[in-house]
Amino acid sequence: MNDAMTTEKTRASHRRLSLAQRYSPETMEPIRRIVTIQLVLWKTQEVVVDRCMVILTELCSNVRHTGDERFELTVSAPGSSVRLSVRDFSPALPVVPREAPGFEACDGRGLYLAAHYADGFGMVPLVDGKVIWAEITSTGGSGTG
């Protein structure tokens, strides 16, 4: 974890953690550990933390399909929800399947899972990339995308 990490607490109702990273399978374990610890410190419900870990892994892993391994992860907790945002540097917007990909499908499963487990999900195109975000609420169910 040589890349940048910042944590800020802008006010009691809005907390934020930012990580700038290069994707590799080896980076995912430390990222999950850091984010889990931060969510626990923010007193996030365990069920929300669990859902965040599934979604976080899929959003970050999606970066490997962009051709540029750099990404910026932002975790924020406005009120009782958690918002995960991954900014990458490819302007191409991925297609998120509406139905679960078949057993032998090579693509689409990760973002499908992220969208399914999140209470809110979307993409924001940027001039030099995009942000894919997911929101998880403490009052939400298992997520419906």
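## Charges over rings

Arginine 70 sits over the face of phenylalanine 89, 4.1 Å from the ring centre. Arginine 83 does likewise over the face of tryptophan 133, at 3.9 Å from the ring centre. Here a charge counts as over a ring if NZ of Lys or CZ of Arg is within 6 Å of the ring centre and within 35 degrees of the ring normal.

This is a predicted model, in which local features need pLDDT of at least 70 and side-chain atom pairs count only at pLDDT 80 or more, while totals for chains, interfaces and linings use all residues. Residues are numbered from 1 along each chain as its sequence is written, and side-chain values use heavy atoms, leaving out hydrogens and water.

## Overall layout

Let's walk along the chain. The protein has 3 helices and 6 strands, running β-β-α-α-β-β-α-β-β from the N terminus. These are DSSP runs numbered from the N terminus: helices are H or I with at least four residues, strands E with at least two.

## The nonpolar core

The largest nonpolar core holds 32 residues, and those with the most contacts inside it are Val35, Leu39, Leu59, Leu73, Val75 and Leu84. α2 gives the most to this core, with 8 residues. Such a core is a set of buried Ala, Val, Leu, Ile, Met, Phe, Trp, Tyr and Cys residues joined through side-chain atoms within 4.5 Å, where buried means under 20% relative accessible area (1.4 Å probe, protein chains only).

Leaving aside neighbours within four places in sequence, leucine 59 is in contact (heavy atoms within 4.5 Å) with Leu84, Val86, Leu111, Ala114, Phe121, Ile132 and Ala134.

Notes:
Buried means under 20% relative accessible area, exposed over 50%, partly exposed in between (1.4 Å probe, protein chains only).
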